[in-house]
Amino acid sequence: MRLNSPQINLITKACMKASRSLIRDFGEIENLQVSTKGPGDFVSSADKRTEKILIEELQKAHPDYGIVTEETGIINKSNMKNRWIIDPIDGTMNFLNSIPQFAISVGYEEEGEIKCGVIFNPIMNEMFCAEKGNGAYLNNKRIRVSKKKKIKDALLVTGGPKGLSKIKEKIFSEYINISLNVSNVRKFGSAALDMAYVACGRFDGYWQRELNYWDIAAGIIIVKEAGGFVDFFEEDLNSPLKKNILATNSNIHEELKDLFKKKDIE
Ligand code: IPD
Ligand code: CA
Ligand code: CA
């Protein structure tokens, strides 16, 4: 791999370390699935344990860096210059149900811009990495977005709405409208891997509302460095960690954007 910044090396090592206990935890889930208590509490402790390892590893090198995490919140709030953006398990619902479609996602942001990131699915042993200017990789192989030109031929992926969403109708109506204009749509349950799959050409595009920054931070640079295009829409300046995203192979970007503008989506 030709990625060589100190930050990408740190993230990769931290992910490898955190993945060891995560793989063990995943093995345990199958047993808990059939127990009367169910795996709920176990999953939330796996989440916290994974995050703790990631934070400890990253802090060893840079105790002063800001950290935005799903479980712990924000660490070193005043440092907005250098920040790690961490989601210890993206795809918790899959993890909880013994479905190996989940990942550790860690991005590194400098002056508000994501510079590098790693999305690691430890069960499939797929590590997606990218660094600004140096390309995107899956394990040691360079990856690129698909070449599909027309939205009508595209295989897209999306997610949501969340159980508590107040805009379910709108999200469903967008889903219907987009589905009617593309080849097909999947829902895989991990925003981070959805982005990674766009980057390596498995999907031609991805859209989703009501995401958190840590779901997609690493994915942003991985898609961009693979030749894709990432766009945010209807941004709420009061909630900078909330995101609505479109990420595509670039070619179908405008056509997908146009589908959002259609009148029947309210
Ligand atoms: C979730 C996953 C899912 C997306 C949800 C996220 P979590 O993250 O990325 O694909 O649809 O909006 O919250 O809770 O599994 O870390
Ligand atoms: Ca997430
Ligand atoms: Ca999570």
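Which are the buried residues of H5?

1. They are Ala191, Ala192, Leu193, Asp194, Met195, Ala196, Tyr197, Val198 and Ala199. Helix H5 (residues 191–199) is mostly covered, with nine of its nine residues buried. Buried denotes under 20% relative accessible area, exposed over 50%, and partly exposed in between (1.4 Å probe, protein chains only). Helices (H or I, at least four residues) and strands (E, at least two) are DSSP runs, numbered from the N terminus. Just after H5, Gly201 takes a positive phi of about 85°.

2. This is a predicted model, in which local features need pLDDT of at least 70, side-chain atom pairs count only at pLDDT 80 or more, and totals for chains, interfaces and linings use all residues. Residues are numbered from 1 along each chain as its sequence is written, chains are lettered from A and ligands numbered from 1 in the order in which they are written, and side-chain values use heavy atoms, with hydrogens and water left out.

3. The calcium ion (ligand 2) has Asp87 (OD), Asp90 (OD) and Asp215 (OD) as its protein donors, lying 2.1 to 2.3 Å from it. Donors are N, O and S atoms within 2.8 Å of the metal (3.2 Å for Na, K and Ca); water is not among the atoms, so sites may look incomplete.

4. Asp87 lies in strand E3 (residues 82–90) and Asp215 in helix H6 (residues 213–225), so the pair ties together parts that are 128 residues apart in sequence. Asp87 is buried at 1% relative accessibility, and Asp215 is buried with a relative accessible area of 8%. Asp87 also bridges the calcium ion (ligand 2) and the calcium ion (ligand 3), which lie 3.7 Å apart.

5. Lys149 lies in the loop between strand E8 (141–142) and strand E9 (155–158). Lys149 is exposed, with a relative accessible area of 59%.
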